[in-house]
Amino acid sequence: MTVPGTVLGRLYRAAPVVQDSVLAVALLLPDLFLFSDFALPLVGLADRLLTVGYAVLGYAALAVRRRAPLAVFACVWAHAFGGELLTAAGAFDYSPTLALLAALYTVAALRSARPAAFALASVAVPVALSVRAALADVPEAEQLTSLIGVACFYGLLNLEVWAVGRWVRAGRAAAVRDRLAVARAEEAVLSERARTARELHDIVANAVTVMVLQAGGARHVLRTDPDRVERALDQIESCGKTAVAELRHMLLVLRTEDARLAAEEPSFGLADLDPLLNGVRQAGLTAHLRVTGAPATLTRSVDLTAYRLVQEALTNAAKHAGPGAVTVVRLDWHPAGGRLEVTVEDDGRGSPAAARSELSTGHGLLGLRERVAVCGGTFEAGPVADGGFRVTAGLPTEKLSPQEVGS
């Protein structure tokens with residue numbers, strides 16, 4: 001069985017119009033009893049009905065006060081002004097007050113400073129008429145004292161309601177700013193988490209893959225080619241030391257959050273491609289580097305992205321194409337267009353290990369795509385017609401002037 005109070009409570013919370021209508025009814029009764037002659041015993045039924053009817057006309061506008069604050073304020077202001085004029089004409093004795101306060105609060109809370117200030121200034125007109133009506137029956141000797149008291153009452157009441165509205169607006173604006181700040185912070189955390197995951201993949205997965213392939217190759221020639229085994233062990237040791245050094249620095253930065261450590265981070269770039277190529281050659285790949293065009297300046301992040309792209313593509317070639325495959329790394333510089341095109345392509349004609357899938361994390365190409373996108377570049381990867389695989393990225397460089405390009 002549904003409790004009626006629960007249904008009304010849900011309806012009240014769900015519909016702003018219902019809330020504002022309830023507020024209008026709640027303010028109507030005290031407004032009639034405090035600021036009119038409705039409750040006086042000598043007032044006739046017709047006068048009471050006239051007062052109530054006029055009051056309802058003004059309070060009905062409050063039902064949509066949050067949808068149209070300025071329009072509602074104008075209606076309630078006209079209602080208060082008309083009530084004062086009718087009181088001065090002797091139609092009834094009623095000074096609409098609480099509805100005007102509610103409308104003033106709504107404008108102050110929901111609108112900017114200029115409309116709110118205009119609304120505060122405009123209430124001076126009906127307030128002055130209310131003060132005049134309140135002094136109508138005051139003896140002349142007490143006029144000044146009463147004037148000061150009544151004027152302070154009405155003036156301070158309207159000013160305080162307006163100030164509360166502005167305070168509420170400021171609080172809401174601060175809450176919105178806080179929510180946006182939290183959202184930006186969460187987005188930054190997710191971005192940093194993704195960046196950390198990419199770095200860990202590039203450091204660990206690629207190094208371990210090369211080490212495993214080197215160890216596998218060394219095992220096959222353990223008794224027949226000791227020199228090759230020694231070279232493989234040297235390469236494994238070098239890869240391991242490099243990976244450990246990068247991991248140590250990354251963990252130090254994550255733990256201390258020291259900007260200086262981040263600035264001192266060991267940075268790899270296209271200048272470090274030779275050791276990278278030598279590593280995959282030791283794993284059995286035939287790797288060539290071809291450069292066309294005049295090299296341009298790269299930012300640190302783009303330089304690292306280019307290096308990581310070549311590293312990941314060569315590692316994939318070693319895993320999937322296998323020893324014996326021919327891999328070509330091409331760096332095509334276009335200084336006039338401010339672009340570097342990096343292409344890594346293998347012919348797919350190697351002898352991949354049977355357990356090559358165990359070496360794959362499944363996130364390498366996805367991480368590369370994210371890296372390149374962050375740098376503002378383009379990325380493509382896929383098989384080629386002859387059975388090989390190609391990875392291509394277009395990365396931005398610092399554009400040169402026509403004189404620099406010509407030189």
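These are questions and answers on a predicted model.

Residues are numbered from 1 along each chain as its sequence is written, and side-chain values use heavy atoms, leaving out hydrogens and water. Local features need pLDDT of at least 70, side-chain atom pairs count only at pLDDT 80 or more, and totals for chains, interfaces and linings use all residues.

Visitor: Is T51 buried or exposed?
Guide: Buried means under 20% relative accessible area, exposed over 50%, and partly exposed in between, with a 1.4 Å probe and protein chains only. The relative accessible area of T51 is 0%, so T51 is buried.

Visitor: Are the rings of Y54 and F92 stacked, tilted or edge-to-face?
Guide: Rings of Phe, Tyr and Trp (its six-membered ring) pair if their centres lie within 6.5 Å; planes under 30 degrees apart count as stacked, over 60 as edge-to-face and the rest as tilted. Here the centres are 5.5 Å apart and the planes stand at 50°. The pair is therefore tilted.

Visitor: How many residues apart in sequence are the parts that Y54 and F92 tie together?
Guide: Y54 belongs to helix α3; helices (H or I, at least four residues) and strands (E, at least two) are DSSP runs, numbered from the N terminus. F92 sits in the loop between α4 and α5, so the pair links parts whose separation is 38 residues.

Visitor: Which strands stand at the edges of the open five-stranded sheet?
Guide: The order is β1-β2-β3-β5-β4, with mixed pairing; two strands pair if DSSP finds at least two bridges between them. An edge strand here has a single partner, so one side is left without a neighbour in the sheet. Those strands are β1 and β4.
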